[in-house]
Amino acid sequence: MDTTSSGTILFRNTMRITDGHLDGFRSAIAQAVAFAQEHGPQLMVEVFIDEERMLAHSFQLYRDSEAIRTHWRLSDPYIREVMEHCTVERFEVFGEPDHDIVAALKTPGGESFPFTVSPRLAGFNRLEESELE
């Protein structure tokens, strides 16, 4: 088991749900997750909601940067629908995505929602092992 290298990339997206949009947000997220489960390259997608603070947290695990590019290409209409009901409060990237992935998180003018990239130090996963069973 390799504990020093991995191409996996984890996204954590913290979204502020717009007042009056909770039901629309729930519906849009449900559709986006259903589409990703059926067609997306993600290894894992989980969304959690804090209704009291009107925050949602999405976690998405990707095998590599190419999987992220595929997700963005396939899911753009679903992402746009979700974004009609929220704003990105914080976006965290764990792993080492390609430079074009990081660049895509910025607008052409250089502005962006707040995001950080934290390179991997060590770890392991059992995803490939469980796929064989």
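A residue counts as buried when its relative accessible area is under 20%. By that cut-off, 29% of the 133 residues of the chain are buried in this predicted model. The accessible surface of the chain comes to about 8,500 Å². Carbon and sulfur atoms account for 52% of that surface.

The chain holds 4 helices and 5 strands. Along the sequence, these elements follow the pattern β-α-β-β-α-β-α-β-α. Contacts were also sorted by sequence separation. Among those between residues at least 6 apart, 75% join residues at least 24 apart.

The 5 strands form an open sheet with mixed pairing. Their order is S2-S3-S1-S4-S5. S2 and strand S5 (115-118) are the edge strands, each pairing on one side only. Neighbouring strands of the sheet are turned against each other by 15° on average, direction ignored. S2 and S3 run antiparallel and are joined by 7 bridges. Met44 stands opposite Leu61 in S3.

Two helices were examined against the sheet. H1 lies across S1, S2, S3 and strand S4 (86-94). The direction of H1 makes about 170° with that of S2. Helix H2 (residues 65-83) also packs on the sheet, where it touches S1, S3 and S4. The angle between the directions of H2 and S1 is about 10°.

The largest nonpolar core has 11 residues: Met15, Ile17, Leu22, Phe25, Ala28, Ile29, Ala32, Met54, Ala56, Val82 and Cys86. Strand S1 (9-17) and helix H1 (22-39) each supply at least two of its residues. H1 gives the most to this core, with 5 residues. A second, separate core of 10 residues includes Phe11, Tyr62, Val88 and Leu105.

Individual members of the largest core were then considered. Cys86 is in contact with Met15, Arg16, Ile17, Thr18 and Phe25, leaving aside neighbours within four places in sequence. Met54, another member of this core, sits in the loop between S2 and S3. Its relative accessibility is 17%. Met54 therefore counts as buried, the cut-off being 20%. Met54 has a positive phi of about 55°, although it is not a glycine.

Thr8 is found in the segment before S1. Not counting residues up to four places away in sequence, Thr8 touches Leu61, Tyr62, Arg63, Phe94, Gly95 and Asn125.

The aromatic pairs number 4. One of them, Phe48 with Phe59, is edge-to-face. The ring centres of Phe48 and Phe59 are 5.9 Å apart, with 75° between the planes. Phe48 lies in strand S2 (residues 44-50) and Phe59 in strand S3 (residues 55-62), so the pair ties together parts that are 11 residues apart in sequence. Phe11, Tyr62 and Phe91 form one aromatic cluster. Phe11 and Tyr62 are also among the residues of the second core.

Conventions: Residues numbered from 1 in each chain as written. Predicted model: local features only at pLDDT ≥ 70, side-chain atom pairs only at ≥ 80, totals over all residues. Heavy atoms only, no water. Core = buried A, V, L, I, M, F, W, Y, C linked by side-chain atoms within 4.5 Å. Buried < 20%, exposed > 50% of the residue type's maximum accessible area, 1.4 Å probe, protein only. Contact = heavy atoms within 4.5 Å. Phe/Tyr/Trp six-rings, centres within 6.5 Å; stacked < 30°, edge-to-face > 60°. Areas by Shrake-Rupley, 256 points an atom, 1.4 Å probe, with all protein chains shown as cover. Pairing = 2+ DSSP bridges. Axes fitted to C-alpha atoms, helices over the stretch in contact; angles between N-to-C directions.
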